[in-house]
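Follow the chain on the screen as you read. The text starts at a loop, then turns to the core and the ligand.

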Amino acid sequence: MEDKLDAIVVGAGPAGVSAARELATAGLATVVLERGAFPGSKNVWGGILYRTPTEALLPGFEAEAPLERPIIEQRYILLTDDAMLGATYRSQRFAAPPYNAYSVLRAEFDRWHATTAETAGAEVYPEFAVTDLLWEDGAVVGVTTGEPDGELFADCVVLADGANSLLAQRAGLHREWAPIEQALVAKELIALPAETIEDRFNLPAGLGTALEIFGESTWGLLGYGFIYTNKTTLSVGTGALLEDLITTGINVNDMLDRFKQHPAIAPLLDGGETVEYAAHLIPEGGYHRLPQLYADGVVVVGDAAGFVNPLNREGANLAMLSGKLAARAIIEAKAAGDYSAATLARYRELLDESIVLQDLYKIRNITDFAHARPHLLRDYPELVSDLARDYLTVDGLPKAEKQQKLVRRLRQVPKRRLLADAVGALRAMI
Ligand SMILES: Cc1cc2nc3c(=O)[nH]c(=O)nc-3n(C[C@H](O)[C@H](O)[C@H](O)COP(=O)(O)OP(=O)(O)OC[C@H]3O[C@@H](n4cnc5c(N)ncnc54)[C@H](O)[C@@H]3O)c2cc1C
């Protein structure tokens, strides 16, 4: 206890490092404990990092951070078993600085990101897996690695241990996430020469694209496949809500293999070598299922708290911002000399005022809306594909007859269902 720190941060992902940097900058004695061989060694994501929110937290990061390609376009694709159709938004504004987003590899980014906390004065220790919390009079007072000399004490512990936070459960902040509250994603990193990537995706040298692919990519389950272009690799993945994977008995590895073999996808990956494979959970419980975020001597941040916006593919930026806000609350607690839950409740206030909880509140009904309508990603891609094929096929039918045929096909969808889906979607989004 004589070596008591101001703060211990568990986990050197985006949330933990951001919290540690803020704490150390304010002069608090801060240690980050990371179970991996180095920060990022165990981390998985797509992943696209948005520039503006990152710049707000890490001014000038573009000059120093290991980034892959600026993302100049977004493609949304619907897949059926034999067809694909989609929409692309490519902008010259995204193709010149200031960029909107970058593709990023976590192993490199997190390693660099951790140095920003070290520069601010925090100490980052890899290969320290925290197994439990230490308690005194009902308050968290430290952590342990389970080794005889593995106990470390602090006024406040920041739990930034990611999607499956066993420590937040230990702290009584939340129960084990239910299968409907998390998605499981399998992802591969597939190596290809830079020029091949640029040719196949029609990209200017050095620039990148992001593809999100719905329907057949997940066997019609709620989720999506993705392909993001890095410098000399592609990030390729698919995933779905864990509950649906369990119910259908679909294995996410099989889902990824099937996705890679789809006739519209395979040519994009042809000749590539898989250099990395991983599967990872994403907390998707959303606003309605947020856990308790603080208790005496402890706060929970990032994925460990469930701060992911699956609709807009935002996790890392929310994680970083929540880390910063937690740090601010801890800095105020230090000034008050009081780390009780009543004082740390300030963290929740700061979150409520920020885009973290404002955005999660905005999309609070999306998952429930889509999950209750399994036909959305199963039947509608087929319908749209049928309509497109009929429209584009020149078969000698007079155009008026063709139009009637299309209308007849559309009428096969029960009007009530179409209306209910449209109204439900609007309600869930607005
Ligand atoms: C496949 C996939 C694709 C994604 N794509 C995107 C994307 O494109 N854009 C985006 O913004 N977000 C994306 N996300 C979400 C994003 O990765 C997360 O929201 C973000 O990483 C959360 O950061 P974090 O610091 O809270 O947790 P993590 O990044 O998970 O970091 C937790 C850290 O804690 C460490 N740790 C865990 N337990 C312990 C322990 N007991 N002791 C010590 N250390 C421990 C881990 O090793 C890890 O380093 C994606 C996620 C997945 C899985």
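D137 is found in the loop that joins β8 to β9 (139-144); helices (H or I, at least four residues) and strands (E, at least two) are DSSP runs, numbered from the N terminus. This is a predicted model, in which local features need pLDDT of at least 70 and side-chain atom pairs count only at pLDDT 80 or more, while totals for chains, interfaces and linings use all residues. Residues are numbered from 1 along each chain as its sequence is written, and side-chain values use heavy atoms, with hydrogens and water left out.

Most residues other than glycine have a negative phi, and most peptide bonds are trans. D137 has a positive phi, near 50 degrees, and is not a glycine. D137 is exposed, with a relative accessible area of 79%. (Buried means under 20% relative accessible area, exposed over 50%, and partly exposed in between, with a 1.4 Å probe and protein chains only.) E127 also has a positive phi, of about 60 degrees, and its place is in the loop between β7 (123-125) and β8 (132-136). E127 is exposed too, at 60%. A cis peptide bond runs from P97 to P98, with omega near -5 degrees, and P98 lies in the loop between β5 (84-90) and β6 (101-103).

Now look inside. In soluble globular proteins, nonpolar side chains tend to be buried together. A nonpolar core is a set of buried Ala, Val, Leu, Ile, Met, Phe, Trp, Tyr and Cys residues joined through side-chain atoms within 4.5 Å. The largest one here has 104 residues, and V157, L159, I227, F307, I330 and Y347 have the most contacts inside it. Helix α10 (residues 316-336) gives the most to this core, with 11 residues. Another core, of 11 residues, lies apart from it and includes F369, L376, Y380 and L383.

Which residues come nearest to the ligand? They are E34, G46, I48, R106 and D303, out of 33 residues around the ligand (a residue is near if one of its heavy atoms lies within 4 Å). A polar backbone atom of I48 is 2.7 Å from an oxygen atom of the ligand, and a polar backbone atom of V130 is 2.9 Å from a nitrogen atom of the ligand. Taken alone, the ligand exposes 1,000 Å², of which the protein buries 95% (areas come from the Shrake-Rupley method with a 1.4 Å probe; for residues, only the protein chains shown count as cover).

Note on methods:
A polar contact is a pair of N or O atoms within 3.5 Å; within protein, one must be able to donate a hydrogen and the other to accept it, and residues adjacent in sequence count only if both atoms are side-chain atoms.
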